[in-house]
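Hello,

I am handing over the structure we spoke about. Please open it first, then read the notes below it.

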Amino acid sequence: MIIRKSPSELQKMYAAGQLVRRILGELREIVKPGITTYDLELVAEKQIKAAGAKAAFKGYYVQAAGKRFPTVLCTSINEEVVHGVPSKKRTLAEGDIVKIDVGVRLDGYYGDSATTVPVGKISSETMRLMDVTKESLDLAIEKMMEGHRLFDVCGTVQKHVEEQGFSVVREFVGHGIGTELHEPPSVPNYVDQGLSNPRLRTGMVLAIEPMVAAGKPDTRVLDDRWTAVTTDGANAAHFEHCVAITEDGPWVLTA
Ligand code: MG
Ligand code: MG
C-alpha cells in the first residue's frame, strides 16, 4: 500500500528534504581535485549532527549485502553507479565525476537526494551524460500529478535517456519515502509491464532517482558488497529528488 501524507506531514518531509539540500549544496562547493570522499563524509556528518537529525544510510541493514551500511554518504566515482563507501583512500582527480547520495531522518521523516558533481574540468561527453540524467529527472517530476500513473514517471525517464543514446540501470530503483526510508512503491527508471502501475494521488511522495549509464545498463557489485559498478566500465550518473504530489502539482521537497 502506498502511504499518502497529510499536509502537516509534508511540511516535516520538506524540512528533512531541505536539510539534505543544504548538505549537498555545501558538498558541491568543496568538491575539487585532491580531496578524498572521506572529506565529504566528515562535512555531511557534522551538518546532520548540528541539525539534530539522524543519518539515514549509516547503520541501515541491507539484506543483499548481509550487513549494515557503514557511512552517512554514498560516494560513487565514475563507473561506480551507487552505494560507494567514502574512504580516505579515494582521492578525487581532475576529470572525475562523483555521485553523492545522502539521506536523513528529521522529526520522524526521511529526506533522500543525490547529485552528480564534476571534479574540475570533465569531457563534453561526460557532461552530456550528466545533463541528460538531470533532464530525465526534471521531466519525470512534471508527471507527478494526480491522475497520472506511476509508469508515466518511469517511462519519461526511460524515453529521454534512451533517445539520447544512454541506458537506464535496472538493478536499482527509486522508492516511496516517508516515515521509512524505503516505502512502496518501487519507482524503476523504466517501464516493466510485469510491475503494478498505480494511479498517482495527492499526498504520495516518491524518491525519483534516475541512474544512467553511458554504455550498457548492466551492473555488478564489488567485493566490498556495496559498490555497484557498470560491468563495461563506462561512466554513470545519478540524480535524485523527493517529490510530493499536491493539488497544485509536484512539490520537490529536496530542491
Ligand atoms: Mg538516495
Ligand atoms: Mg533513494
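**The metal site**

Four residues coordinate the magnesium ion (ligand 2): Asp-112 (OD), His-175 (NE2), Glu-209 (OE) and Glu-240 (OE), at 2.1 to 2.3 Å. Please keep in mind that this is a predicted model. Along the chain, the donors of the magnesium ion (ligand 2) follow the spacing D-x62-H-x33-E-x30-E.

Asp-112 sits in strand E7, while Glu-209 is in the loop between strand E11 (205-208) and strand E12 (211-213), so the pair ties together parts that are 97 residues apart in sequence. Are Asp-112 and Glu-209 buried or exposed? Both are buried.

**The largest pocket**

The largest pocket has a volume of about 710 Å³. Its lining counts 30 residues. Closest to the centre are Tyr-60, Val-62, His-83, Phe-172 and His-182.

Three strands each supply at least two residues of this lining: E2 (61-62), E9 (174-176) and E10 (183-187). Which of them gives the largest share? That is E10, with three residues. By type, the lining of the largest pocket divides into 16 nonpolar, seven polar and seven charged residues.

**The second largest pocket**

The second largest pocket holds about 180 Å³ of space. It is lined by 13 residues. Nearest its centre lie Leu-24, Arg-28, Ala-114, Thr-115 and His-241.

Helix H1 (7-30), strand E7 (109-118) and helix H3 (124-141) each supply at least two residues of that lining. H1 gives the most, with four residues. The lining of the second largest pocket splits into four nonpolar, five polar and four charged residues.

**Helix H3**

H3 has 18 residues. From its first C-alpha to its last it reaches 26 Å, close to the 26 Å expected at 1.5 Å a residue.

Which residues of H3 are buried? They are Thr-126, Leu-129, Met-130, Val-132, Thr-133, Ser-136, Leu-137, Ala-140 and Ile-141. An α-helix has 3.6 residues a turn, so residues three or four places apart point the same way.

Best wishes

How values were computed:
Residues are numbered from 1 along each chain as its sequence is written. Chains are lettered from A and ligands numbered from 1 in the order in which they are written. This is a predicted model: local features need pLDDT of at least 70, side-chain atom pairs count only at pLDDT 80 or more; totals for chains, interfaces and linings use all residues. Side-chain values use heavy atoms; hydrogens and water are left out. On a 1 Å grid over the protein atoms alone, a cavity is a set of points where a 1.4 Å probe fits but cannot get out, and a pocket is an open set with protein on both sides within 12 Å along at least five of seven lines; lining residues have an atom within 4 Å of a point. Grid points are joined across faces, edges and corners, and a volume is the space filled by probe spheres set on the points. Ala, Val, Leu, Ile, Met, Phe, Trp, Tyr, Cys and Pro count as nonpolar, Asp, Glu, Lys and Arg as charged, and the others, Gly among them, as polar. Donors are N, O and S atoms within 2.8 Å of the metal (3.2 Å for Na, K and Ca); water is not among the atoms, so sites may look incomplete. Buried means under 20% relative accessible area, exposed over 50%, partly exposed in between (1.4 Å probe, protein chains only). The expected span of a helix is 1.5 Å times one less than its number of residues.
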